[in-house]
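The sequence and structure come first.

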Amino acid sequence: MFLNPQILSITILDIIFLIFGTVVFFLSLQIYFKWDFNSSSPLQYKLEKQSFLNAVIIKYIFYLKLPLFLFFIFTLDSLSDVITGAMCAAGVIDATSYGMPLFILKIANIYLFGFWLLIHHIDMRYPNLEFTKLKFGYFLVIFVLFVLEIYMELALFNSIDISKMVSCCGTLYSASATSAISSIFNIDSHIFVYIFYGSYFINLLFYKIKNAYGFTLGNIVFLIISIVSLIRFFSPYIYELPTHHCPFCILQGDYYYIGYILYITLFAGTFYGMVTLISKSLDKQNTNYFKISIIFSSLYVLIVTTYPIIYYIKNGVWLN
Amino acid sequence: MIKLNNIFKQYISNNEKIIALDHISFTIAKGDLVVLKGASGSGKSTVLSLIASLTKPTSGDIEVKNTKISKLSDNFASTFRQQNIGFIFQKYNLIPNISVKDNIILPLIPTNPDELFVNSRANSVMKLFNIEHKQNIIVRNLSGGEQQRVAIARSMINDPDIILADEPTANLDEALSLDFIKTLKELKDLGKTIVVATHDPLFFELDFVTKTINMKNGHIVE
């Protein structure tokens, strides 16, 4: 296993998460199958106390997972210095078969843990804890993905072979790549621009009419379209290089770490957009999730839009 | 008003199970003054803590003002307590280095009320318990009886319907204890429901006490 201080930190935290997560998993099992709020039995009082402890542990795992995700990206990026051929995190991700599935799973888990947090937040607003069973039942499901993520992360670090040459991001994110991503380079980039702005304006429409179903679906689409259009259309303007489409190099200092701002605004916007449906289904109170989502998404759109415009003003040409 | 139904409370101390209350039940009606009588360790203070929702039973139900407070989570229990219950402690639990008035208004702080309301409530309770003239005095400079009056005034600042007093005269001499009992009578006349946990014999023969509950080793005894 390839070890450096960052990998060691992530591995230790993974083990700690796994221990606490497993404890919470078994307690959640008991809560899920034996919860009866109307009962005044010793078991029910015990479960009520346990449910608060459980919730605190899950909350802290999530709070630590958020910055840890950024640290994970940072680690992959720093590993590119020791892996032959890798220029950024993209090359490290491609170095093993675990890389890309793990990366997608990590993002999905952040969303899923975020949804758990929202259900917990709603549950705490009602004196009869009506969503406790639901939230711990839901945790039982996401725990499986959580364990899978830890397994894949350890497997990734274990299978990195620094003597093996890998492809750089310039190859991975191009029409010549062998992965599925290469197919987007065979489509006219302007189509992605139309779909990107189109899906944003559809979200704006759902925001205006406060339609949670449409807004949630719209945000799922917007998340995928945003990442694809970032790779296909916007990234060359950020790099000021027509052939460079990497979604990871923008996280580097050479580009003022703009990638972190872009991804945080995109993920926050789409997360709050997706939770509007959960909020509408479970909560009776009005929330600002629509507004928060649209603010973050608009910020994302504004930032990515700025790059081509500035480039055009400076150079008088479009890159694609 | 207050209903305890088959309450069992067990503590675990040094791996040893201690039964504080063994399946006790009783009810207290609105406006009652109930004395919980018994020696130390009989379970009186545990009953008060349960009524105030400061702790949860091991099993059984507690209903206060038609709310099952034993099932409330901590945040809801705090709000309920803040709105409905005033607590007078044996050692007063005052902050010694701030003034009488500042101690009295403490329970209002979490609700962030406006200053006019705070002053009006503080003046009203200080007047009621005759400590208006001491409002700017630092609490540690007060006598035991005066500190007791400050503690009572503080318990009344939210105008609660229920007042719980845990050994309120344990640190007072007989004259001051009789003063306190007079104050309790006044509170009862105001329509407050009062529960006093005590082993002070002064409380046992009072004509305005609605009910005396005798407790021994976590049981109610006749």
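Helices here are DSSP runs of H or I with at least four residues, and strands are runs of E with at least two, numbered from the N terminus. On that basis chain A has 10 helices and 0 strands. The model is predicted.

**Chain A overall**

- Read along the sequence, the pattern of chain A is α-α-α-α-α-α-α-α-α-α.
- The radius of gyration of chain A is 22 Å, close to the 20 Å that the globule rule gives for 320 residues, so chain A is as compact as a globular protein of that length.
- The C-alpha trace of chain A spans about 75 × 55 × 30 Å along its principal axes.
- Buried residues make up 35% of the 320 in chain A.
- Of the contacts in chain A between residues at least 6 apart in sequence, 69% join residues at least 24 apart.

**Domains of chain A**

- Chain A is divided into domain 1, residues 5-159, and domain 2, residues 176-315.
- The centres of the two domains, taken over C-alpha atoms, are 25 Å apart.
- Contacts between the domains involve 13 residues of domain 1 of chain A and 13 residues of domain 2 of chain A.
- On the domain 1 side, the elements that give two or more residues are α2 (42-79), α3 (89-93) and α4 (99-123) of chain A.
- The largest share of that side, 6 residues, comes from α4(A).
- By class, the domain 1 side has 11 nonpolar, 1 polar and 1 charged residues.

**Helix α10 of chain A**

- Helix α10(A) covers residues 289-315, 27 residues in total.
- From first C-alpha to last, α10(A) reaches 40 Å, close to the 39 Å expected at 1.5 Å a residue.
- The buried residues in α10(A) are Y289(A), F290(A), S293(A), I294(A), F296(A), S297(A), Y300(A), V301(A), V304(A) and Y307(A).
- An α-helix has 3.6 residues a turn, so residues three or four places apart point the same way.
- Among the elements that cover these buried residues are α7 (189-209), α8 (212-239) and α9 (258-282) of chain A.
- Just after α10(A), G316(A) has a positive phi of about 75°.

**Strand β3 of chain B**

- Strand β3(B), residues 33-37, is mostly covered, with 5 of its 5 residues buried.
- In a regular strand the side chains alternate between the two faces of the sheet.
- Both faces of β3(B) are covered: L33(B), V35(B) and K37(B) are buried on one side, and V34(B) and L36(B) on the other.
- K37(B) has T198(B) as its bridge partner in β8(B).
- Strand β3(B) also pairs in the parallel sense with β9(B), residues 211-216, over 4 bridges.
- L36(B) has I213(B) as its bridge partner in β9(B).

**Contacts between chains A and B**

- Contacts between the chains involve 10 residues of chain B and 8 residues of chain A.
- Strand β4 of chain B, residues 59-64, gives the most to the chain B side, with 3 residues.
- The residues on the chain B side divide into 3 nonpolar, 4 polar and 3 charged.

Technical notes: Residues are numbered from 1 along each chain as its sequence is written. Chains are lettered from A and ligands numbered from 1 in the order in which they are written. This is a predicted model: local features need pLDDT of at least 70, side-chain atom pairs count only at pLDDT 80 or more; totals for chains, interfaces and linings use all residues. The expected span of a helix is 1.5 Å times one less than its number of residues. A residue is buried if 20 or more other C-beta atoms lie within 10 Å of its own, exposed if 12 or fewer, and partly exposed in between; C-beta atoms are placed from the backbone. Two residues are in contact if their C-beta atoms, placed from the backbone, lie within 7 Å. Domain bounds come from an automatic or database domain assignment. Ala, Val, Leu, Ile, Met, Phe, Trp, Tyr, Cys and Pro count as nonpolar, Asp, Glu, Lys and Arg as charged, and the others, Gly among them, as polar. Two strands pair if DSSP finds at least two bridges between them. The radius of gyration is taken over C-alpha atoms; the globule rule is 2.2 Å times the number of residues to the power 0.38.
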